[in-house]
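Hello,

Here is the structure we talked about handing over. Please have a look, then read the notes below.

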Amino acid sequence: MNAANILTWSAFAFSLLGAAIAIFCYMPGALKTLKTNDTRGISEWMFGLTCFGCFIWVIYSILMLASFGASGGVNSENWSGFVGGFATLISNLGLGSFGGVILYKKIKNLMASKKEGLTEDQWYKKHYENQN
């Protein structure tokens, strides 16, 4: 194995590690939101834009990876681009999924509170805080 291959495999390993860390950063918040249903401190705009950004990155990644197939596949000259496209796809699928769960719960809570004519804080206190 030559130095270029070692560097490419190292880059691949670090890109997957970075993707895994980025995904796991969202996991505790998503699990807590699912468990408690508390979305009062969450901005729907921030999570909406995050999910939209992840969606754009997923499209970019798919197009990047598809371009390798259209150009004859992955070879020693374009391997690093493939690595970057794959890591971008994995990380943004994970981030978008966990962010989407949180955004879904936030919108669901906002709609339920609006339906009852309450603020989200009042709605949460009425439906969840009295049960604990």
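**Notes on the chain**

Start just after helix α2, where G72 takes a positive phi of about 100 degrees. Keep in mind throughout that this is a predicted model.

Most residues other than glycine have a negative phi. N37 lies in the loop between α1, residues 3-36, and α2. Is N37 buried or exposed? N37 counts as buried, because its relative accessibility is 6% and the cut-off for buried is under 20%.

**The overall picture**

The chain has four helices and zero strands. Read along the sequence, the pattern is α-α-α-α.

How does the chain compare with a compact globule of 132 residues? Such a globule would have a radius of gyration near 14 Å, whereas the chain has 20 Å. The C-alpha trace spans about 65 × 25 × 15 Å along its principal axes.

Now the surface. Of the 132 residues, 30% count as buried. The chain exposes about 8,500 Å². Carbon and sulfur atoms supply 68% of that area.

On charge, there are 10 positive and 7 negative side chains. The centres of the two sets lie 8 Å apart.

**Helix α2**

Helix α2 covers residues 44-70, which makes 27 residues. From first C-alpha to last it reaches 39 Å, close to the 39 Å expected at 1.5 Å a residue.

Which residues of α2 are buried? They are F47, C51, C54, V58, S61, L65 and F68.

V58 counts as buried because its relative accessibility is 12%, and buried means under 20%. Which residues does V58 touch, leaving aside those up to four places away in sequence? They are L89, N92 and L93. V58 also pairs up with G94 in a distance check: the two are 36 residues apart in sequence and 10 Å apart in space, C-alpha to C-alpha.

**Helix α3**

Go to T88, which is found in helix α3. At 18% relative accessibility, T88 counts as buried, since the cut-off is under 20%. Not counting residues up to four places away in sequence, T88 touches W57, Y60 and S61. S61 is also one of the buried residues of α2.

Then go to M111. This residue lies in α3 too, a helix that covers residues 79-115. Is M111 buried or exposed? M111 is exposed, because its relative accessible area is 57% and exposed means over 50%. How far is M111 from Y26? They are 85 residues apart in sequence and 24 Å apart in space, C-alpha to C-alpha.

**Where to look**

To recap, open N37 in the loop between α1 and α2. Next, view V58 with L89, N92 and L93, which V58 touches. Then view T88 with W57, Y60 and S61, its own contacts beyond four places in sequence. Finish on M111, the exposed residue.

Best wishes

Technical notes. Residues numbered from 1 in each chain as written. Predicted model: local features only at pLDDT ≥ 70, side-chain atom pairs only at ≥ 80, totals over all residues. Heavy atoms only, no water. Helix = DSSP H or I, 4+ residues; strand = E, 2+ residues; numbered from the N terminus. Rg over C-alpha atoms; globule rule 2.2 N^0.38 Å. Buried < 20%, exposed > 50% of the residue type's maximum accessible area, 1.4 Å probe, protein only. Areas by Shrake-Rupley, 256 points an atom, 1.4 Å probe, with all protein chains shown as cover. Lys, Arg positive; Asp, Glu negative; His and termini not counted. Charge placed at Lys NZ, Arg CZ, Asp CG, Glu CD. Expected span 1.5 Å × (residues − 1). Contact = heavy atoms within 4.5 Å.
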